Amino acid sequence: MGAGGQPERYATLMGTLAESGRMIVAPHFDRLASPVPREEELTLRARRLSLALDAFVQPGITAVGVGHSIGAATL
C-alpha cells in the first residue's frame, strides 16, 4: 500500500481468481512514509515480492501480477 490503498478493495477480484483455480499470493506492505518513495523502499518491496513468489509459486508456473499505483510500479 502506498498512500492510502485498501487491500479489501481487491477481495472480489482475488475471490474470483481463486474460484477459477488460480493460486493467490497477496503480500501487503505498510504505508510509505513519504509520497515520494526512496529507491531503497522500492527495492525492498520488489525484493519482498520476489521472495513471496519464490516461496509460493512452483518453478515453471506462470505468475501474473496485479497492482494499483505504487503496487503496479513495484511489479
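**Note on glutamate 41 and its surroundings**

1. Setting aside residues up to four places away in sequence, glutamate 41 touches Leu32 and Ala33, where contact means heavy atoms within 4.5 Å. Glutamate 41 itself lies in helix H2, residues 39-56; helices here are DSSP runs of H or I with at least four residues, strands are runs of E with at least two, and both are numbered from the N terminus.

2. The model is predicted, so that local features need pLDDT of at least 70 and side-chain atom pairs count only at pLDDT 80 or more, whereas totals for chains, interfaces and linings use all residues. Residues are numbered from 1 along each chain as its sequence is written, and side-chain values use heavy atoms, with hydrogens and water left out.

3. The side chain of glutamate 41 does reach the backbone nitrogen of arginine 38, at 2.8 Å. Arginine 38 sits in the loop between H1 and H2 and counts as partly exposed because its relative accessibility is 46%. The arginine 38 side chain also makes a polar contact of 2.6 Å with the side chain of glutamate 40; such a contact is a pair of N or O atoms within 3.5 Å, in which, within protein, one must be able to donate a hydrogen and the other to accept it, and residues adjacent in sequence count only if both atoms are side-chain atoms.

4. Isoleucine 24, in the loop between helix H1 (11-19) and H2, is partly exposed, with a relative accessible area of 35%. Together with Leu13, Leu17, Val64 and Val66, Ile24 makes a nonpolar surface patch of about 430 Å². Patches are made of residues with over 30% relative accessible area and no salt bridge, with like charges joined within 9 Å and nonpolar side chains (Val, Leu, Ile, Met, Phe, Trp, Tyr) within 5 Å.

5. As for the whole protein, there are 3 helices and 0 strands, and buried residues make up 12% of its 75 residues. The C-alpha trace spans about 35 × 25 × 15 Å along its principal axes.

Note on methods: Areas by Shrake-Rupley, 256 points an atom, 1.4 Å probe, with all protein chains shown as cover. Salt bridge = Lys/Arg side-chain N within 4 Å of Asp/Glu carboxyl O. Buried < 20%, exposed > 50% of the residue type's maximum accessible area, 1.4 Å probe, protein only.
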